[in-house]
Amino acid sequence: MALTGATVTPEAAVFVPDADGPRMVYRGRIDDRAVEIGRTRPRATTRDLEQVLEALAAGGTVAPRTTPAVGCFISP
């Protein structure tokens, strides 16, 4: 949690190698299925984490970004 800044579960973080050490390129929701606590869509329409991982696997670069995640708060 301290390294990523994650505040809720589930919240994903993706790091890539960098000359100065691992660099976070994504933190946020896995997909947009959860709309708010207790309210979900039948299916995800955006798969944020999958998009980041696919771009990296294809050799692309990913601009650092975050998306809001819906879930239970993580106590510090």
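Reader: Is glycine 38 buried or exposed?

Author: Relative accessible area decides this: under 20% is buried, over 50% is exposed, and what lies in between is partly exposed (1.4 Å probe, protein chains only). Glycine 38 counts as exposed because its relative accessibility is 85%. The model is predicted, so local features need pLDDT of at least 70 and side-chain atom pairs pLDDT 80 or more, while totals for chains, interfaces and linings use all residues. Residues are numbered from 1 along each chain as its sequence is written, and side-chain values use heavy atoms, without hydrogens or water.

Reader: Where does glycine 38 sit in the chain?

Author: Elements are DSSP runs numbered from the N terminus, with helices (H or I) of at least four residues and strands (E) of at least two. Glycine 38 belongs to the loop between β4 (34-36) and β5 (39-40). Its C-alpha lies 9.2 Å from that of glycine 71, and the two glycines are 33 residues apart in sequence.

Reader: In what order do the elements of the protein chain run?

Author: Starting at the N terminus, the order is β-β-β-β-β-α-β-β, which amounts to one helix and seven strands. The C-alpha trace of the protein chain spans about 40 × 30 × 15 Å along its principal axes. Of its 76 residues, 24% count as buried.

Reader: Which loop holds threonine 61, and is this residue buried or exposed?

Author: The loop between α1 (48-57) and β6 (65-66) holds threonine 61. Threonine 61 is classed as exposed because its relative accessibility is 78%. Threonine 61 and valine 25 stand 36 residues apart in sequence, with their C-alpha atoms 9.2 Å apart in space.

Reader: What does threonine 67 touch, leaving aside its neighbours within four places in sequence?

Author: Contact means heavy atoms within 4.5 Å. On that basis threonine 67 is in contact with Tyr26, Arg27, Gly28, Arg29 and Asp48. Threonine 67 is in the loop between β6 and β7 (72-73), and it is buried because its relative accessible area is 12%.

Reader: With which side chain does the side chain of threonine 67 make a polar contact?

Author: A polar contact pairs N or O atoms within 3.5 Å; within protein, one must be able to donate a hydrogen and the other to accept it, and residues adjacent in sequence count only if both atoms are side-chain atoms. The partner of threonine 67 is the side chain of tyrosine 26, at 2.6 Å.

Reader: Which backbone atom does the side chain of threonine 4 reach?

Author: The side chain of threonine 4 reaches the backbone nitrogen of alanine 6, at 3.1 Å. Threonine 4 belongs to the segment before β1 (8-9) and is buried because its relative accessible area is 16%. Not counting residues up to four places away in sequence, threonine 4 touches Ala13, Phe15, Met24 and Arg27.

Reader: What share of the contacts in the protein chain with a separation of 6 or more comes from residues 24 or more positions apart?

Author: Such residues account for 46% of those contacts.

Reader: Is the peptide bond from threonine 9 to proline 10 cis or trans?

Author: Most peptide bonds are trans. The bond from threonine 9 to proline 10 is cis, with omega near 5°. Proline 10 is found in the loop between β1 and β2 (12-16).
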